[in-house]
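Student: I am new to this structure and would be grateful for a close look at a single part of it. Please begin with one residue and then place its surroundings within the whole.

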Amino acid sequence: MGYPEEALAPEEVLLLHRHPHWKMLFWPAVVFILITALAGFGAGVAMHNTDGNVQTGLLLGILALWLVIVVWRSLAPLIRWKSTHFIITDRRVLIRHGVLTHSGIDIPMNRISNVQFRHGLFDRMLGTGTLVIGSSSEDPLEYDDIPHVQKVHAMLYHQVFDVVQNNPNGGGFYGSAGGYP
């Protein structure tokens, strides 16, 4: 059993599991392409204009600089993207992120008071947007770069509406005043 199934409670049903939209990786990909091209150009110049130990030192320096920039500006954002999870179950919304330091938030369906989304022209062309979840006790939480934000909004809205319809007294998912069994 892999993630996110291991984060679910018994009998909890996974409805949606997404990473942020790939647009988060656009600039890291551009940086990777540009720095690789510049490193290749620099290595070519070093190969033709130097020789011996100077050439080896320059090539190693170019390689080290390329590696540092690629890890910092391309690989780290890719790992951050891969370790960010937006999950909707039949009972709650979970957001998890982090590689070395993990953090997350769980919002029970019966605590969600409203669900909104917004996306500008560019986001609409890419099929992404910001999901805003209002809970009954806190300020609204905003989650950027949610793929297919309109579909996610509709699913979450219907899931919240079904919870309210199935339990109009607001007492947990199983009709008890204490919430989860």
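Tutor: Asp123 lies in helix α3, which covers residues 121-126. The model is a predicted one, and every value below is computed from it. Is Asp123 buried or exposed? Its relative accessible area is 16%, and because the limit for a buried residue is under 20%, Asp123 counts as buried. Which residues does Asp123 touch, once its neighbours within four places in sequence are left aside? They are Lys23, Thr128 and Gly129.

Thr128 belongs to strand β6. It is buried as well, and its relative accessible area is 0%. When residues up to four places away in sequence are not counted, Thr128 is in contact with His21, Lys23, His119, Asp123, Asp145, Ile146, Pro147, His148 and Val149.

Strand β6 spans residues 128-135 and is joined to β7 by five bridges, the two running antiparallel. Within this part of the sheet, Leu131 stands opposite Tyr143 of β7.

A second sheet is also present. It too is open, with four strands in the order β1-β2-β3-β4 and antiparallel pairing. At its edges stand β1 (14-18) and β4 (103-108); each has a single partner strand, so one side of each is left without a neighbour in the sheet. On average, and with direction ignored, its neighbouring strands are turned by 10° against each other.

Inside this sheet, β2 (residues 85-89) is linked to β1 by four bridges, and these two strands run antiparallel. His17 is found opposite Ile87 of β2. Towards β3 (residues 92-97), β2 again pairs in the antiparallel sense, over four bridges. There, Val93 of β3 is the bridge partner of Ile88. A hairpin of two residues connects β2 with β3.

In a regular strand, side chains alternate between the two faces of the sheet. How many of the five residues of β2 are buried? Five of the five are buried, and the strand is mostly covered. His85, Ile87 and Thr89 lie on one side, Phe86 and Ile88 on the other, and both faces are covered.

The helices complete the picture. A kink of about 40° is present in α2, with its centre on Val71. Buried in this helix are Gln55, Val70, Ser74, Pro77 and Trp81. An α-helix has 3.6 residues a turn, so residues three or four places apart point the same way. The buried residues of α2 pack against α1 (26-49).

Finally, the whole chain may be considered. There are four helices and seven strands in the protein, and from the N terminus on they follow one another as β-α-α-β-β-β-β-α-β-β-α. Of its 181 residues, 34% count as buried; Asp123 and Thr128 are both buried residues. Among contacts between residues at least 6 apart in sequence, 52% join residues at least 24 apart. The protein exposes about 11,400 Å², of which carbon and sulfur atoms supply 63%.

Note on methods: Residues are numbered from 1 along each chain as its sequence is written. This is a predicted model: local features need pLDDT of at least 70, side-chain atom pairs count only at pLDDT 80 or more; totals for chains, interfaces and linings use all residues. Side-chain values use heavy atoms; hydrogens and water are left out. Two strands pair if DSSP finds at least two bridges between them. Buried means under 20% relative accessible area, exposed over 50%, partly exposed in between (1.4 Å probe, protein chains only). Contact means heavy atoms within 4.5 Å. Accessible areas come from the Shrake-Rupley method with a 1.4 Å probe; for residues, only the protein chains shown count as cover. Axes are lines fitted to C-alpha atoms, for helices over the stretch in contact, and angles run from 0 to 180 degrees between N-to-C directions. The bend at a residue is the angle between axes fitted to the seven residues ending there and the seven starting there.
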